[in-house]
Amino acid sequence: MSRIKSPRNKCYICGAPANETVTTQTIPDRVELQAPVCDDCKQKMMEGHNMTRGEILQSAINKWGADAQMGVLIEECAELIQAVSKIKRGEGARDDWDNFAEELADVQIMIDQMRLIVGPGTVDNWEERKLSRLERRLGTTEGGDTP
Ligand SMILES: [Mg+2]
Ligand SMILES: [Zn+2]
């Protein structure tokens with residue numbers, strides 16, 4: 001795991017000036033650290049405010065930094081490759097399918113963080129182009145490689 005990069009004195013959730021730190025452990029067994037947090041976000045935490053999906057993803061980037069999250073992406077991709085390989089190799093035991101589902105979720109979460117880092121618009125553009133291409137290929141007898 002690479003070094004943690006979190007801007008000091010900036011709230012790890014919203015980026016506003018932070019007066020305090022909180023002990024956080026968002027990714028179990030990975031790191032525990034004192035993350036800077038602003039008064040508003042601290043208040044929301046104490047009120048049990050649940051972050052939106054987007055807030056959670058952006059907070060992870062703010063807290064650990066893009067470089068660290070790219071490292072996590074690599075790890076999760078490797079786990080997903082292992083999970084799908086196991087299913088293709090074996091008989092697809094119930095546990096294997098459940099593990100596959102778990103790893104898909106892990107990778108989806110990392111992909112969505114990468115989208116925020118790279119710029120969601122850029123990824124959306126590519127996705128549109130890829131889907132159009134796929135659609136065209138579905139309409140022809142071209143066959144060939146799977147996308
Ligand atoms: Mg995983
Ligand atoms: Zn904040």
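**Helix packing and burial in a predicted model**

L73 is partly exposed, because 18 other C-beta atoms lie within 10 Å of its own; a residue counts as buried with 20 or more such atoms, as exposed with 12 or fewer and as partly exposed in between, with C-beta atoms placed from the backbone. The model is predicted, local features need pLDDT of at least 70, side-chain atom pairs count only at pLDDT 80 or more, and totals for chains, interfaces and linings use all residues. Residues are numbered from 1 along each chain as its sequence is written, while chains are lettered from A and ligands numbered from 1 in the order in which they are written.

The protein chain contains 5 helices and 2 strands, where helices (H or I, at least four residues) and strands (E, at least two) are DSSP runs numbered from the N terminus. Along the sequence these elements follow the pattern β-β-α-α-α-α-α. Of the 147 residues of the protein chain, 14% count as buried. Among contacts with a separation of 6 or more, 59% join residues 24 or more positions apart; two residues are in contact if their C-beta atoms, placed from the backbone, lie within 7 Å.

L73 belongs to helix 3. Leaving aside residues up to four places away in sequence, L73 touches M110 and M114. L73 and D106 are 33 residues apart in sequence, and their C-alpha atoms are 8.6 Å apart in space.

Two packed helices are described by the angle between their axes and the distance between the axes. Axes are lines fitted to C-alpha atoms, for helices over the stretch in contact, and angles run from 0 to 180 degrees between N-to-C directions. Helix 3 (residues 66-89) and helix 4 (residues 94-118) pack at about 150°, with their axes 8 Å apart. Helix 3 is therefore roughly antiparallel to helix 4; angles under 35 degrees count as roughly parallel, over 145 as roughly antiparallel, 65 to 115 as roughly perpendicular and the rest as oblique. The crossing of helix 3 and helix 4 is left-handed, a term used if the near helix is turned anticlockwise from the far one by less than a right angle, with right-handed used if clockwise. Residues of this contact include V72, L73 and L80 of helix 3 and W97, F100 and M110 of helix 4. By class, the contact of helix 3 with helix 4 holds 15 nonpolar, 3 polar and 6 charged residues (Ala, Val, Leu, Ile, Met, Phe, Trp, Tyr, Cys and Pro are nonpolar, Asp, Glu, Lys and Arg charged, and the others, Gly among them, polar).

Helix 4 also meets helix 2 (residues 53-64), their axes coming within 9 Å and crossing at roughly 70°. Helix 2 is therefore roughly perpendicular to helix 4. Their crossing is right-handed. L57, Q58, A60 and I61 of helix 2 make the contact with D112, Q113, L116 and I117 of helix 4. Just after helix 4, G119 takes a positive phi of about 115°.

In strand 2 (residues 33-37), V37 is found. V37 is buried, because 25 other C-beta atoms lie within 10 Å. The C-alpha atoms of V37 and T21, 16 residues apart along the chain, are separated by 5.4 Å.
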